[in-house]
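Welcome! Please take a moment with the sequence and the 3D view below before reading on.

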Amino acid sequence: MNILFVCSRNKWRSATAETIYQNHPVHQVRSAGTAQSARVKVNYKHINWADLIFVMEKRHRQRLFENFEAELSGKSVVVLDIADEYTYMDEELIATLETKVAPYL
């Protein structure tokens, strides 16, 4: 399964998620951001590639549907409800991601 993690700037939350799952034996992962200033800005190729999309906040889901409604047809978009209050590879962020993502893997 191809999994896409999305946050705003793709610097902390989604980048951390990509890092911790990058060596998963079954799933392929990528990450991107919704903001113009994102390290990797989400585009239609990311959406088409992904089988499952995790977003950190409801507003990220909303932005994806505003920009990629057709591409999202039939795809699962899961809101993890992880606020932008962590830095890259923060231990609490890693634990939260693992707990919230585990039921879907």
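Predicted model: local features only at pLDDT ≥ 70, side-chain atom pairs only at ≥ 80, totals over all residues.

Residues are numbered from 1 along each chain as its sequence is written, and side-chain values use heavy atoms, with hydrogens and water left out.

Let us begin with strand S3, residues 52–55. Helices (H or I, at least four residues) and strands (E, at least two) are DSSP runs, numbered from the N terminus. In a regular strand, side chains alternate between the two faces of the sheet. In S3 both faces are covered: Leu-52 and Phe-54 are buried on one side, and Ile-53 and Val-55 are buried on the other. Buried means under 20% relative accessible area, exposed over 50%, and partly exposed in between (1.4 Å probe, protein chains only).

Which strands pair with S3? Strand S1 (residues 2–7) runs parallel to S3 and is joined to it by four bridges, with Val-6 partnered by Val-55 of S3. Four bridges also join S3 to S4, again in parallel, and Leu-52 has Ser-76 of S4 as its bridge partner. From S3 the chain crosses through helix H3 (residues 58–68) to S4 in a right-handed β-α-β crossover. Two strands pair if DSSP finds at least two bridges between them; right-handed means that, with the strands pointing away from the viewer, the path from the first strand over the helix to the second runs clockwise.

| Residue | Relative accessible area | Class |
|---|---|---|
| Thr-16 | 0% | buried |
| Arg-13 | 1% | buried |
| Tyr-88 | 40% | partly exposed |
| Gln-28 | 48% | partly exposed |

Thr-16 lies in helix H1 (residues 13–21), and a polar atom of its side chain is 2.9 Å from the backbone nitrogen of Met-89.

Gln-28 belongs to strand S2 (residues 28–33). Gln-28 and Asn-2 are 26 residues apart in sequence, yet 4.8 Å apart in space, C-alpha to C-alpha.

Finally, Tyr-88 sits in the loop between strand S4 (76–79) and helix H4 (91–101).

Note on methods: Polar contact = N/O pair within 3.5 Å; in protein donor to acceptor, adjacent residues only side chain to side chain.
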